Amino acid sequence: MLHFLRKPHSNFSFFMLLFWVSQLLVLSYGIELDESLTYIWPLPSEFTSGNETLTVDPTLSLSVLGKGGDLKILREGFERYKKIIFNHVSGVSIFERLRGIRSVYDISELRIIVNSDDEELQLGVDESYTLFLAKNDGKSIVGEATIEANTVYGALRGLETFSQLCAFDYGTKSVQVYKAPWYIKDKPRFAYRGLLIDTSRHYLPIDVIKQIIESMSYAKLNVLHWHIIDEQSFPLEVPTYPKLWNGAYTKWERYTVEDASEIVSFAKMRGIHVMAEVDVPGHAESWGAGYPDLWPSSSCREPLDVSKNFTFDLISGILSDIRKIFPFELFHLGGDEVDTGCWTSTAHVKQWLDDHSMTAKDAYQYFVLKAQKIAISKGWTPVNWEETFNAFAANLSPQTVVHNWLGPGVCPKAVAKGFRCIFSNQGVWYLDHLDVPWDQVYNAEPLEGINNVSERKLVLGGEVCMWGETADASNVQQTIWPRAAAAAERLWSKREALSSQNINLTALPRFHYFRCLLNRRGVQAAPVTNKNARQPPTGPGSCYKQ
C-alpha cells in the first residue's frame with residue numbers, strides 16, 4: 001500500500017502529488033529558447049550570426065600560429081575546454097567503429113593565432129580576441145574555426161566563447177554550433193573584473209578555491225581578491241614570522257607558502273590575477289595569537305599597536321614574504337572599520353599619542369600612510385577601502401586605488417580627485433546580502449554619476465564580494481553563482497547593449513541559460529529567481545525557469 005494512503009490527510013497529499021507532477025510535466029515539456037537571443041555570457045562586444053548548423057568533430061585538433069602558439073597556457077587551455085565541449089562524446093562512437101564508418105564534420109580543427117609570446121599577467125593585459133566559425137566552403141579539407149588574439153589571455157577568452165557556442169545535441173549525439181556562421185570581435189569593457197573570497201571567517205580548502213577560480217573563467221572574471229586573514233583567523237604561513245599562523249582556527253585550516261603559490265599559478269593558467277589583502281590596522285586581532293605585543297593590551301586587542309616599531313617591522317616582513325608569491329601589481333591594505341578606542345584607552349599608546357601630538361584620527365592616518373609606503377617599497381600599488389579616502393584623501397599616496405563599498409557616489413568623488421577606483425557598492429555587489437536579486441546586481445553601473453571621459457578611465461572596474469561569515473565550503477559556490485555572473489556581464493559587455501532594453505526579456509532568459517551551463521559544468525549555481533539567494537528550488541521544474 002502506498003504510504004500516503006495510510007495517512008488521515010491522504011486526499012490532500014494525493015492531490016498535491018498530482019499538482020506537482022502536472023507542474024513538472026508542464027515545465028519539462030514547455031521550455032523553448034528564444035531564438036532571437038544570443039546565448040553567450042557575457043555578451044560579446046560585436047558579433048554577427050547566421051542560420052546554419054555546424055557539426056564539430058569529437059577528435060577536434062588544435063593548430064597554432066603566431067609567436068604565442070607554443071605557450072603552455074594555450075595548449076592546456078585547449079585541452080581543458082575540449083573536455084568541457086565533448087563531455088558527452090569521446091572520439092568515434094562504437095557504432096561507427098563497428099560499421100567502419102567515419103563521419104564527416106564541418107569543424108575538425110580549431111586554429112588559434114596568438115601574436116605575442118609575452119605571458120606576463122598584469123592589470124590591463126590585452127584580453128581581446130576575434131572568433132570566426134563557418135561551414136567548410138569546399139576549398140579546404142576542414143571547416144573554418146579560428147581564434148585570433150594578441151595575447152594568450154585573449155585566446156583563453158575566445159576559447160570560453162567557442163565552448164559556449166558548442167552544444168550537445170541529444171538526438172544526433174553530436175556537438176553542434178547553431179546560428180553559424182559566427183563572427184565575433186570581443187574585448188572587455190573594464191580591465192578589473194573581480195570576485196572577493198574570505199578565508200578568515202571560514203577556511204576554504206585549496207580545491208574549493210580552485211573550483212571558484214575555474215568557475216570565474218566561465219564568466220570571464222579576471223581578479224580573485226583573496227581576503228586571506230582577518231580578526232577571526234590568520235591561516236597563512238609567513239616564514240619570517242612563523243608564529244603568525246598560530247592565529248589559524250586549527251592546525252588543519254592553514255595555507256602553506258606552497259599552497260598560496262599553487263593557487264596563484266592555477267589562476268594564471270586561466271588568465272586570472274590574484275590580489276592578496278592584509279587588512280591594517282583594524283581587523284587584525286588574530287595576529288596577536290602568535291605575537292601578543294601587537295595588541296595594545298591583552299584586553300584591548302585591535303587596532304594593531306601604532307606605538308611600536310615592531311608592528312611595522314612585522315608588516316614589512318609579511319609583505320616581503322608574500323611579495324614572492326603574489327606578482328600582481330595591486331595589493332590590498334584594507335584600512336576599513338577602524339575603531340581607535342583601544343589606542344586612547346591603553347596607557348602606553350595614549351602616552352605615545354600625546355608625545356607625538358596626535359589624535360587617534362591622526363594616528364589612523366599615520367598608520368595607513370606608513371603601511372602604504374611599505375607596500376610601495378615592495379613594488380606594489382596600494383589599494384585601500386574607501387574609509388581612508390573619506391578620512392584623509394589629500395594625504396593618500398597618489399598611487400592609491402580607492403575601493404568603494406559603503407554605498408554609491410564614492411567613485412565619482414575619488415576619480416574627480418585623480419584617484420583610480422574599484423566599484424563594490426555593498427547594496428548591490430555584496431554576495432552575502434542574500435536578499436539582493438539578480439536584476440539589482442545586473443543593473444548596478446560602476447560609472448554612474450561620472451560624465452567626464454578622462455575620469456571614467458580612472459574606474460578600473462568592479463568586484464563582487466563573497467564575505468565568509470555565513471559561507472563555507474558547503475555553500476560558497478551557490479552563494480557566488482549565478483549572481484556574480486550578472487556583475488560579470490556588466491563589467492565585460494558594452495553598457496549600451498545592457499542598459500537600453502527590458503532585461504527580463506533580453507537578459508533573464510540568457511541568465512537562466514548560463515546558470516544551467518554552470519550546473520552542467522559542475523558548478524553549484526543556485527536558482528535565479530528565488531526570493532533569497534543560494535536557496536534550493538522551491539519545487540520541481542526545469543533549470544531554465546528557476
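Predicted model: local features only at pLDDT ≥ 70, side-chain atom pairs only at ≥ 80, totals over all residues.
**View 1. Helix H17, residues 483–492, sits largely enclosed by the rest of the structure.** Walking along H17, the buried residues are Arg-483, then the run Ala-484, Ala-485, Ala-486, Ala-487 and Ala-488, and finally Glu-489, Arg-490, Leu-491 and Trp-492.

**View 2. H17 crosses helix H20, residues 508–520.** The two axes come within 10 Å and cross at roughly 120 degrees. With perpendicular ending at 115 degrees and antiparallel starting over 145, H17 and H20 therefore count as oblique to each other. The crossing is right-handed.

**View 3. Here are the side of H17 and the side of H20 that meet.** H17 brings Arg-483, Ala-485, Ala-486 and Glu-489, while H20 answers with Arg-510, Phe-511 and Phe-514. Sorted by type, that contact has four nonpolar residues, three charged and no polar ones.

**View 4. The largest nonpolar core runs to 113 residues.** Trp-226, Trp-287, Ile-318, Phe-326 and Trp-481 have the most contacts inside it. Helix H10, residues 360–377, is the top contributor to this core, with eight residues.

View 5. Leaving aside residues up to four places away in sequence, Phe-326 touches Trp-226, Ile-228, Ala-260, Val-264, Val-274, Ala-276 and Trp-380.

**View 6. Another core, of 39 residues, lies apart from the largest one.** Its members include Ile-40, Ile-73, Ile-107 and Tyr-129.

Definitions and conventions
Residues numbered from 1 in each chain as written. Heavy atoms only, no water. Buried < 20%, exposed > 50% of the residue type's maximum accessible area, 1.4 Å probe, protein only. Helix = DSSP H or I, 4+ residues; strand = E, 2+ residues; numbered from the N terminus. Axes fitted to C-alpha atoms, helices over the stretch in contact; angles between N-to-C directions. Parallel < 35°, antiparallel > 145°, perpendicular 65-115°, else oblique. Left-handed = near helix turned anticlockwise from the far one by under 90°. Contact = heavy atoms within 4.5 Å. Nonpolar A, V, L, I, M, F, W, Y, C, P; charged D, E, K, R; others polar. Core = buried A, V, L, I, M, F, W, Y, C linked by side-chain atoms within 4.5 Å.
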